[in-house]
Structures are given as C-alpha cells and as structure tokens.
Amino acid sequence: MNNFSPAMSGDAIAIARVLANDHVADMVEALNNEPRDLAAELLSTVPFERAVEIFDQPELEDASELIAALPRPLAGRLLAEMSADRAADVLRELSEPARSELLHAMAPALRHSLLAILGYPEGSAGSIMTTEYVSVPPDWTVARTLDYIRQVERTRETVYAIYVVDPATHHLLRAFGLRKLITSQPEDRIVSIAADTTPVSVPPLMDVEQVAQLIRKYDLLAVPVVEDDKILGIVTVDDVLDTMIEENTEDVHRLGGMEALDEPYMKMGFLSMIGKRGGWLCALFLSEMLTASVMQHYEVELEKAIVLTLFIPLIMSSGGNSGSQATSLVIRALALRELSLGDWWRVALRELPSGLVLGAMLGAVGMIRIVLWQYLGLYDYGPYWHLIALTIGLALVGIVTFGSLTGSMLPFILKRIGFDPASASAPFVATLVDVTGLAIYFTVAALILTGTIL
C-alpha cells in the first residue's frame, strides 16, 4: 500500500514508484544521495513493508533524522516493525523529546526490550544484540520446531541459529543450527539432536571486538548474550561486522592524525571537517616546533658544518618511517589479539635487532651515496667526506633503531593508561622521532667530527 501525499511533487512520486520496485540495497543507496527532506518525503510514499526493510539496513545514512522527519504514527509503526537492535540504534541517535514520544507510544513489551538494549554502553555486546531470536523448549519435536519457525520467520533476526531454552527460568540449555534441524527425523526431540555441550555465549558488557573474535574462533552465525545463565538476546555476525567496520574506520582516521569522522566524507560540513583536522594539525605543529629548538641548540655546529644540513630531511624521514611501520604493526596485532599488554618486552626484544639491521641497511645506502657523489664529482663534501659518510651511517643506525623501538612501545603505553592504541598515529610517532632523531644525529656528528670540521 502506498502512502502518497497529495502535497508531494510529481517527481518525488515518480521516483518513489521506481524505488519501490528496486532492490532494497539499491534503494538505500539512492536515498543516501538525496537531500534529507526529499529522502523523508520519498520514504513516506513507499509501501510500508518496503520502508521497514529500508530502515533495517545499517547502510541507510541519518536514519534517526529520517524517522524524526516522518509523521509520528508512521515513525512509531516503523520502529515497532524493525529489528530490535536496529530500532535501538535509531532511537539512540534521536534527540529528545522525539525519543521519549516514540518510546511511550510503543507496546510495553517492546519498549522494555528497547530500553534494555539502550541501557548498555556503546561498543558492548548488549548494545548491538537483538531480542528477536528463535528459542524453543527442550520437549519439542523437530516437526513442531519447523512449524514454529515457519510461523515466526518474518519476525526473527535469523532462523539459522536455534536455542533450546528452559521456558520457566529462561536458562540457555543448548544451541544448534538450521542444517541440523532439517536433516533430523520429524519425530526426534530437540534436546536429542542438539550437541550436549555448553553453548558458546558472551556477557552483555563484553567488547564487540572480543565478540568478533569468538564468532571467528567458533565459526558462528550468531552468539547468545547471557547473564546469570539467562539468555537476553543474540548478536549476529552481520551486526558485528557493521560495528567493526565503524570502529576500524575510526582507527584509520586516528592513524592519519585526525579525529574520527562521524559522517561520510562527502557529507561532512566544511567547518566540521576543519574542526576534526585542525586540532590535531595544531598539536602536531606545536610538537614539530621542538625540532626548531633542537636545531637552535646545535646552531654553532651547523654554522661550522653547513654540509650537515643537507642530510637533515633524510635523517628525519628515516626515523619517522621506521617508527610508523612499527606502530602500525603493533596496533594491528593488538586489535587482532595477537599481542597483549604483557607481551611488550617480547616486542621490544624483536624490534631492537630489527631496528639495528634496518638502520644498518639504510646507513650503508647513505654512505654509498656520499661515496659515489664524491667520486663521480656530483658534489664535493670536502676533505673529510669519509667522516661525514661515517656520521650519516652511524646516525641512521641509531635513529632507525630508536624509531622502531619507540613506535612499537607507544601503543602499549597508550593502552596501559587507558587510551586507544590507534591514537598513536603515524604523524604523531613521526613527530616524536623527528625531535629525538635530530638530537641523535648531532650527537653522533659531534663525536665523529669534533677536531675536523667541528
């Protein structure tokens, strides 16, 4: 049934009719490309069942704004028919008084379920779980369970995972998949076909990343959320993927040295984009000012040996690059649970020789470059060119080693004090290593060149 409004423009109605026959994913993409007011107008015209499908898609942008723009009765009906976890996501982003008005208009049971989900912190299993799952008592037969699934299929998040629950206590007893059900005899009892093992479950406050690890480890399509042996809901693999994509996007933004964007790039306002990027750039710029301070400290040495300034960009970039490499590797390993906080010393013992070897490689390349330029007549480094080459080589060994060690330890330090390891962005590490790298460079130069050009 179409809810075409007489006030709608002819173009909007024509688009709505086309979209109503489109695949839901294509329709979501089309709506995302329209202004929010026009998208809301279009949504009010499509068949109600199709509108529910559209709002159930996590890819729909600004879903809370669209719900708020719809007439309250229609918005309430849509939320009531949407999957519980998706409805909770939309309500979480709604501002007052719209959220309270919509909640109070719902049936008490649904309102209670949504408030329970909204009560859990974002990023936890409870915050993304759905209360719409298939559960059956242990005394049912396979035939009865199949009949029940046919009846409730449209109202459940998934029918591929089925849970045996004590009807009196709501305790989770067993879990099995749809394949096991349809390959069993109709007269078999459910309790006899389910594996006699404790189902894999998660507490409601478990972090989504840990939930993802469990789903991956046990190859699950869904995992029950259990508290005091009672099943509260389930977390499906698609919900975990959606959440992980959001978190990984935030981590990538932080690794680039900026705040995470809470909107798509092309929809982010100019001033908002400046705000997200400007603060970090200012902080990094202020940090880089320490580089100028270090160079001022060695001003006399630079005046005596101007040739040393030729290699400052080389020195700084090498240390920053090695530090950024180590940081990226460790952050990813921490995210995949390949490393824990207690493994910092193992990483240090691994990065120390790695830094020495990598530094020696770059140092050798730098020395060869100076030798070739001197012999080919491309540049005259003066009578002490061999000492300058040695200075560059040894400085690169020290700087790359320090960069690798610092870059690998910084994520551990941040995690230990309660910050996101992704905050150890590549630009931040590069800035830190730039300052210390210059100090190492000029110290090595002073040790080797004092009495000659210094």
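1. How many of the eight residues of helix α4 (residues 48–55) are buried? Six of them are, so helix α4 is largely enclosed by the rest of the structure; buried here means under 20% relative accessible area, exposed means over 50%, and partly exposed lies in between, with a 1.4 Å probe and protein chains only. The buried residues of α4 are Phe-48, Arg-50, Ala-51, Val-52, Ile-54 and Phe-55. Arg-77 lies over the face of Phe-48, at 4.0 Å from the ring centre, where a charge sits over a ring if NZ of Lys or CZ of Arg is within 6 Å of the ring centre and within 35 degrees of the ring normal.

2. The model is predicted, so local features need pLDDT of at least 70 and side-chain atom pairs count only at pLDDT 80 or more, while totals for chains, interfaces and linings use all residues. Residues are numbered from 1 along each chain as its sequence is written, and side-chain values use heavy atoms, with hydrogens and water left out.

3. The protein chain holds 21 helices and five strands, taken as DSSP runs numbered from the N terminus (helices H or I, at least four residues; strands E, at least two). Of its 454 residues, 45% are buried. Among contacts in the protein chain with a separation of 6 or more, 67% are between residues 24 or more positions apart, a contact being heavy atoms within 4.5 Å.

4. Three strands form an open sheet in the order β1-β2-β3, with mixed pairing; two strands pair if DSSP finds at least two bridges between them. Strands β1 (134–136) and β3 (172–177) stand at the edges with a single partner strand each, so one side of each is left without a neighbour in the sheet. From one strand to the next, the twist averages 30 degrees. Strand β1 runs parallel to β2 (residues 161–165), to which three bridges join it, and Tyr-163 in β2 is the bridge partner of Ser-135. Helix α11 (residues 142–152) packs on this sheet and touches β1 and β2, its direction making about 145 degrees with that of β1; axes are lines fitted to C-alpha atoms, for helices over the stretch in contact, and angles run from 0 to 180 degrees between N-to-C directions.

5. The other two strands deserve a separate look. Strand β4 (residues 222–227) is mostly covered, with five of its six residues buried, and six bridges join β4 to the antiparallel strand β5 (residues 230–236). One of the bridge partners in β5 is Thr-236, which faces Ala-222 in this pairing. Strands β4 and β5 form a hairpin with two residues between them, and Asp-228 in the turn has a positive phi of about 55 degrees.

6. Thr-169 lies in the loop between β2 and β3 and is partly exposed, with a relative accessible area of 30%. The C-alpha atoms of Thr-169 and Asp-229 are separated by 9.1 Å, although these residues are 60 residues apart along the chain.

7. Rings of Phe, Tyr and Trp (its six-membered ring) pair if their centres lie within 6.5 Å, with planes under 30 degrees apart counted as stacked, over 60 as edge-to-face and the rest as tilted; the count comes to six aromatic pairs. The rings of Tyr-375 and Trp-385 have centres 5.7 Å apart and planes at 80 degrees, so this pair is edge-to-face. Tyr-375 lies in helix α19 (residues 344–376) and Trp-385 in helix α20 (residues 385–416), so the pair ties together parts that are 10 residues apart in sequence.
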